[in-house]
Amino acid sequence: MSQNYTDSNSQLVTTDLYQELPTNGTHYAESLPQDAHKLEHLEPQKVIPTLLANDRHPHLTVAEAIAQMLVNMGICSAFGIAGGAMASLWNALSNSQMQVLNFRHEAGAAFAAVEAYFASDRPTVVFTTAGPGITNALTGLFAARGEGAKVILLSACTSAPQRGRWAIQETSSYTLPSGGIFTSGALFNYAITVESAAQLPQIFRKLALGLAQPGGFVAHISIPTAVQTSLVEGISWPQLDVDAYRITAQTEKVAKSAELLFSEPFAIWVGFGARDAADEIYALAERTGAAVMCSPRGKGIFPEDHPQFVGVTGLGGDASVITYMEKYPPARTLVLGTRLGEPTSFWSPTMVPKKGFVHVDIDPEVPGVAYPHAQTFSIQSDIKAYLQELLEHLPEVPFATELLPNPQPEPIEAAPDYPVRPEVLMAAIQKIVVEGSDAVVLAECGNSFTWSTHCLRFTEPNRYRVSTGVGAMGHAATGVVGAAQARKGKAVAIVGDGAMLMNNEISTAVKYQIPAVWIVLNDARYNMCHQGMKILGLKGADAEIPATNFAMIARGMGAEGVGVTRESDLEAALQQAIASEVPFVVDVVIDPDRPAPSGGRNKSLAAQGVKANGSNIVKTPAKQVSFPLV
């Protein structure tokens, strides 16, 4: 019989269930129950409530059973594109309590599902048909895994009798590699093909446990066409009331980290994984006087207008961070919920304190990876739980607060009204969107990312979203639809013209009257590539795009759209977009030659071996302020 426990919140877990979860190198629960101390205050419990119910559903199909169980798990939205191979599954989803949103491309549906999860903190579903339906969705699902979302892919595949016989869009081991797509691994935490209704109780059990784990969980359930319509008979359905649980650190490790941090001045480096601990981070900073910096994904978790905020690190970051590290170096840095990868640190040695890091993350493999030669005291824990315990170790007398360098907006000089300078556009977005509304802001990869991250300032968490790990073009251009749908309110995407041409879901937003807003930086280029190649001294590559009227395209799809060519028209256009109750595109013709704050990225590429063919290396312009340039 399995050993059961309850934590301090009376949340019951069954330890042998965790051992059966699919695992890989980044799975957070893989060491249970041997490391059962990481579950909060566990105490033995005699009751075993995880029994199967005796309800029978003789007329329920597999497709209907799957839809019903997903609803029971709290999933209320499904994003995807249907096809003949998954007609029965599509029908079952459409007749369930889930809202089913039919997109124009599977990648867009997957990106929207990711952002819907982060906007609502509820797991989402992506559905696709066989063959290209699955492969089209993989990029968005790759982003889901990298971003830490909870998303379940439901796909169709070829039925067993037809495999190997050239069925339409055949999806089997004859046509697609099964490893990694239909099996658990780097892409999916859990993946399985349903060959029989008898598998469903165990599949639902695995999904429920996966959704309860801390961090992300991405699963793939593939159902052959014939199996979708087969009846579910003689099966007992699991009643899985699995509460989410938190991983907590050993008490002695928290005490040791307090000793290391509170003995000398320290800094706090905040990442996206700390987004649920904003209050605790604020309290720690206020009581200790510690300098606070954040990753691009961590913007707003600690108020960017606070006098102890020294800036954003990484791509599009602030020069004030380097000023702080060089002039007021901390003895140690407390790292909370960030991998410290290239987009966050550029692996700059300047960011390594003399006595190293105290690095807290729910993934035990994260601490020490980005800076393998730096001294690192690693703690596996939920960030909020760790900080709540750390705050109990604060000295009675508050630390003295020093005057710290803060990010300073670059002055905007007078200039002709046309074309629009990107920094002027960002100032208008700050005023109308960030400060004048409660909209969530998503920034696309490329120069949109660097301008937005560098110029916009947020004072509360969960208002800014960027993808730094995968960084797929089209993520924000399509994800904005999922964010607006999930929060039932405004979401604004700052995107480039290249991303809008690659993948957008304006038509989907129009169909469901989702109030998404697109602000397009229209410069007729893949401009991060264009500017980056020029800075690196690489010549001859073509990054030009024919000029496009996105406002006209928007109106042609049934949305509203306005074109902006003059800086004096920006605020009025943005106010119109925020006030609109329908999808809206603001098409801004920007100056393509304004250097984006991406010098740090270019220096990182150069350090990794990207060189010009000749000796004429173009130096990064001095006006660029992206760290670690200065």
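Predicted model: local features only at pLDDT ≥ 70, side-chain atom pairs only at ≥ 80, totals over all residues.
Which residue of β23 is the bridge partner of Val520?

**Entry 1: strand β21**

I found that Val520 has Asp587 as its bridge partner in β23. I then looked at the two strands as a whole: β21 and β23 (residues 584–589) pair in the parallel sense over six bridges. On β20 (residues 491–496) I read a parallel pairing with β21, again over six bridges. There I noted Val517 of β21 as the bridge partner of Val492.

Next I checked how covered the strand is. Seven of the seven residues of β21 (residues 516–522) are buried, so I wrote the strand down as largely enclosed by the rest of the structure. I recalled that side chains in a regular strand alternate between the two faces of the sheet. In β21 I listed Ala516, Trp518, Val520 and Asn522 as pointing one way, and Val517, Ile519 and Leu521 as pointing the other way. I marked all of them as buried.

**Entry 2: the six-stranded sheet**

I traced an open sheet of six strands with parallel pairing, in the order β14-β13-β12-β15-β16-β17. Which strands stand at its edges? I noted β14 (309–312) and β17 (376–380); each has a single partner strand, so one side of each is left without a neighbour in the sheet. I recorded an average twist of 15° from one strand to the next.

β15 (residues 332–336) and β16 (residues 357–361) pair in the parallel sense over four bridges. I found Leu336 opposite Val360 of β16. I also saw that α8 packs on the sheet and touches β12 (266–270), β15, β16 and β17. The direction of α8 makes about 145° with that of β17.

**Entry 3: helices α8 and α12**

I followed α8 (residues 251–262) to α12 (residues 383–390), where the two axes come within 10 Å and cross at roughly 65°. I therefore put α8 down as roughly perpendicular to α12. I noted the crossing as right-handed. On the α8 side I listed Thr251, Val254, Ser257, Ala258, Leu261 and Phe262 as making the contact. On the α12 side I listed Tyr386, Glu389 and Leu390.

**Entry 4: helix α4**

I looked up α4 (residues 106–120), a helix of 15 residues. From its first C-alpha to its last I read 21 Å, close to the 21 Å expected at 1.5 Å a residue. Is α4 mostly covered or mostly open? I wrote down mostly covered, with 13 of its 15 residues buried. Just after the helix, I noted a positive phi of about 60° at Asp121.

**Entry 5: backbone details in loops**

I checked Trp347, which lies in the loop between α11 (342–345) and β16. Trp347 is not a glycine, yet I read a positive phi of about 55° for it.

I placed Asn462 in the loop between α14 (447–455) and β19 (464–465). Its phi is near 65°, a positive value in a residue other than glycine. I marked Asn462 as partly exposed, with a relative accessible area of 45%.

Where does Pro419 lie? I found Pro419 in the loop between α12 and α13 (422–434). The peptide bond from Tyr418 to Pro419 is cis, and I noted its omega as near -10°.

Key:
Residues numbered from 1 in each chain as written. Heavy atoms only, no water. Expected span 1.5 Å × (residues − 1). Buried < 20%, exposed > 50% of the residue type's maximum accessible area, 1.4 Å probe, protein only. Pairing = 2+ DSSP bridges. Axes fitted to C-alpha atoms, helices over the stretch in contact; angles between N-to-C directions. Parallel < 35°, antiparallel > 145°, perpendicular 65-115°, else oblique. Left-handed = near helix turned anticlockwise from the far one by under 90°. Contact = heavy atoms within 4.5 Å.
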